Amino acid sequence: MEGKPVRLRSKARSNGPRGRCQDGYVRRRKKIRCRLPRAARQARPRSRTIPLEGNLGELARRHFERQGEACGRLGSPFMARLLPLAAARLTPETDFGRAVLDWPDERMFEDALSLRFAGALHALVLSGRAPELAERYPPRAAAEAGDDDALWAAVEAAMTGYGDFLGEFLRHPPQTNETARAAALMLGFQDAARRGGRPLHMLEIGASAGLNQNWDRFRYDLGGAGWGPADSAVRLAPEWRGPPPDLGPVEIAASFACDLRPLDVRDPAQMLRLRAYVWPDQQPRLQRLDGAIEIAKARATRVARADAVDWIGASLQRRPKDRTTVIFHSIFWQYLPHESQQALRSAIEVTGDLAEADAPLAWVRMEPWREDPWKAALYVNLWPGGETRVLAHCDYHGRWIEPLEEATGAAA
Ligand SMILES: C[S@@+](CC[C@H](N)C(=O)[O-])C[C@H]1O[C@@H](n2cnc3c(N)ncnc32)[C@H](O)[C@@H]1O
């Protein structure tokens, strides 16, 4: 099937099963029982005065190690080093260490505890408050190899000296907004513009800070095909595994977005949180993020605080004629409860079935590839018609894109 447009049998079918690793978060594959008996777990030392190594319970240890492995596969040798180190050495001697160790087992994967832990430390580095820790972090220190003892000593010193800062960070769920996904999404926007033949009325759900609302202000270099302002602060040049795509002009009539917990690009604390979840050895990602934040600030990008199901229902009711309405999302579907997925799918499909040629409806999404959870795919439906097409496979963080025939125009 590689290299061919993949057609799914039914209309707008699944975006794929829950995978092992989506968006870099590892999830529980199945219920893992803690091997230690309850009494032994309860007896786990909590004293500040007795330094012990290897205090992380069995489940937490696995969580940290598996997340480290996933980060390594997604291009972060530093995280692949830091998280197993924490799994082996974290103790309850500090308030922060204790907060991590006391995290309820049943919430650990769901809450992405290991990413919160690493995010808290990275936020501290980025805040400039802990130069000693920054000394041991990329870009100053080597990501892959290095002196683990010195790194851990700096982490321990930070946990002792900045417990309040770290503890406060730990309380909030992870938030990301990956602009590199725009390179895959834009293949779908190109498709909607070409086939719909009308200006786009864009509706993004699960938009986070709304950075990809400004996808038309980014510069793309896709296998030699260029698109967008050459002087953009965000330049996307993923490894392109195919012939260059056919990129034409796209007219955007309007663009709106929602998120359950939107981030405000004007709030420095929220932006520090977003930056902290970029892995420390991925500096080009961080630079891209900073560029996208500046563009969003200059354009006064806003994201409505709303549940996607309610928001799409209302937005579809007032969608304009003579426009192609484009609903889009990236790495968002998995966060919805099953009933919300069904409600959203049904709202989109019912509207699509009623769509006429003067007001087409497109559904463009970059979500896990159903046959391989280590890959994402770009799925597109365009009504009237509504067949599900897969235009590309791609990396979750946009590092590479493999266009399928249709995205390059070869099958037209
Ligand atoms: C992994 S982030 C992806 C953000 C962005 N789409 C990207 O690709 O960078 C998932 C986003 O979905 C949002 N989200 C989760 N459930 C939602 C819901 N029911 N309605 C709207 N947004 C939701 C989260 O708040 C979060 O910002």
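This is a predicted model: local features need pLDDT of at least 70, side-chain atom pairs count only at pLDDT 80 or more; totals for chains, interfaces and linings use all residues.
Pro-384 is found in the loop that links β13 (372–383) to β14 (388–394). Of the 412 residues in the chain, 46% are buried.

**Overall fold**
- Take the contacts between residues at least 6 apart in sequence: 72% of them join residues at least 24 apart.

- Pro-139 sits in the loop between α6 (131–135) and α7 (148–161).

- Ala-112 is not a glycine, yet its phi is positive, at about 50°.
- Ala-112 belongs to the loop between α4 (95–101) and α5.
- Ala-112 has 22 other C-beta atoms within 10 Å, so this residue is buried; the cut-off for buried is 20 or more.
- Ile-331, likewise not a glycine, has a positive phi of about 40°.
- The loop between β11 and α13 (338–354) holds Ile-331.
- Ile-331 counts as buried because 22 C-beta neighbours lie inside 10 Å.

**Ligand surroundings**
- The ligand has 23 residues around it, and those that come nearest are Gly-206, Leu-260, Ala-308, Ser-330 and Tyr-335.
- Two elements, β9 (252–259) and β11 (324–330), each give two or more residues to this shell.
- By class, the shell holds nine nonpolar, eight polar and six charged residues.

**Packing of α3 and α5**
- The axes of α3 (residues 77–89) and α5 (residues 113–127) come within 11 Å and cross at roughly 110°.
- That angle makes α3 roughly perpendicular to α5, because angles of 65 to 115 degrees fall in that class.
- On the α3 side, the residues that meet α5 are Met-79, Leu-82, Leu-83 and Ala-86.
- Their partners in α5 are Ser-114, Phe-117 and Ala-118.
- This contact has six nonpolar residues, one polar and no charged ones.

**Pro-229 and its partners**
- Pro-229 lies in the loop between β6 (225–227) and β7 (235–236).
- Pro-229 counts as partly exposed because it has 13 C-beta neighbours inside 10 Å; a residue with 12 or fewer would be exposed.
- Eleven residues separate Pro-229 from Phe-218 along the chain, and their C-alpha atoms are 6.6 Å apart.
- Beyond its neighbours within four places in sequence, Pro-229 is in contact with Arg-217 and Arg-219.

Key:
Residues are numbered from 1 along each chain as its sequence is written. A residue is near a molecule or strand if its C-beta atom, placed from the backbone, lies within 6 Å of it. Helices (H or I, at least four residues) and strands (E, at least two) are DSSP runs, numbered from the N terminus. Ala, Val, Leu, Ile, Met, Phe, Trp, Tyr, Cys and Pro count as nonpolar, Asp, Glu, Lys and Arg as charged, and the others, Gly among them, as polar. Axes are lines fitted to C-alpha atoms, for helices over the stretch in contact, and angles run from 0 to 180 degrees between N-to-C directions. Angles under 35 degrees count as roughly parallel, over 145 as roughly antiparallel, 65 to 115 as roughly perpendicular and the rest as oblique. Two residues are in contact if their C-beta atoms, placed from the backbone, lie within 7 Å.
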